[in-house]
Amino acid sequence: DGSFPLADVYQITYGTTGTATITLDAEAFAVRGVRVYKADGTLAGEAQAPKLSRRATSSFTYSVTSAATATMYVDRTDRSATEYRVTMSAA
């Protein structure tokens, strides 16, 4: 809808209640960062990719409830090939 920059979009459904951790791997290429929005549209958290080095991971945590849904946006720098790994864990 034009509200967000170019991004890969993923739907998330949680299987547990607790704390979720999203981690953007250090080797991300052509990625600006990761954002997660809860089902009600509020921002759960975001991690920015390091600007000067691809050696540091970025992560954030937030609370989740079982069977809740969210949308994760992996913001890309452009339409060219990109490489990244985003890990999500909830406990």
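Trainee: How many aromatic pairs does the structure hold?

Mentor: Three aromatic pairs. Rings of Phe, Tyr and Trp (its six-membered ring) pair if their centres lie within 6.5 Å, and planes under 30 degrees apart count as stacked, over 60 as edge-to-face and the rest as tilted. Keep in mind that this is a predicted model, where local features need pLDDT of at least 70, side-chain atom pairs count only at pLDDT 80 or more, and totals for chains, interfaces and linings use all residues. Residues are numbered from 1 along each chain as its sequence is written, and side-chain values use heavy atoms, with hydrogens and water left out.

Trainee: OK, what sort of pair do Tyr14 and Tyr62 form?

Mentor: An edge-to-face one, with 6.3 Å centre to centre and 75° between the planes.

Trainee: And why does that pair tie together parts that are apart in sequence?

Mentor: Because Tyr14 lies in the loop between strand E1 (7–13) and strand E2 (18–24), while Tyr62 lies in strand E5 (residues 58–64), so the parts it joins are 48 residues apart in sequence. Strands here are DSSP runs (E, at least two residues; helices are H or I, at least four), numbered from the N terminus.

Trainee: Is Tyr14 buried or exposed?

Mentor: Buried, at 5% relative accessibility. Tyr62 counts as buried too, at 7%. The cut-offs: buried is under 20% relative accessible area, exposed is over 50%, and partly exposed is in between (1.4 Å probe, protein chains only).

Trainee: What does Phe60 do with Tyr62?

Mentor: Those two form a stacked pair, 5.8 Å centre to centre with 25° between the planes. Phe60 is buried, like Tyr62, and Tyr14, Phe60 and Tyr62 form one aromatic cluster.

Trainee: Switching to sheets: in what order do the three strands of the open sheet come?

Mentor: E5-E2-E7, with antiparallel pairing. Two strands pair if DSSP finds at least two bridges between them. E5 and strand E7 (86–90) stand at the edges with a single partner strand each, so one side of each has no neighbour in the sheet. The twist averages 15° from one strand to the next, using axes that are lines fitted to C-alpha atoms (for helices over the stretch in contact) and angles from 0 to 180 degrees between N-to-C directions.

Trainee: How many bridges join E2 to E7?

Mentor: Five. Thr21, for instance, has Ser89 in E7 as its bridge partner.

Trainee: And what do E3 and E4 form?

Mentor: A hairpin with four residues between the strands, and Gly41 in the turn has a positive phi of about 90°. Strand E3 (residues 31–38) and strand E4 (residues 43–48) pair in the antiparallel sense over five bridges, and Val36 has Gly45 of E4 as its bridge partner.
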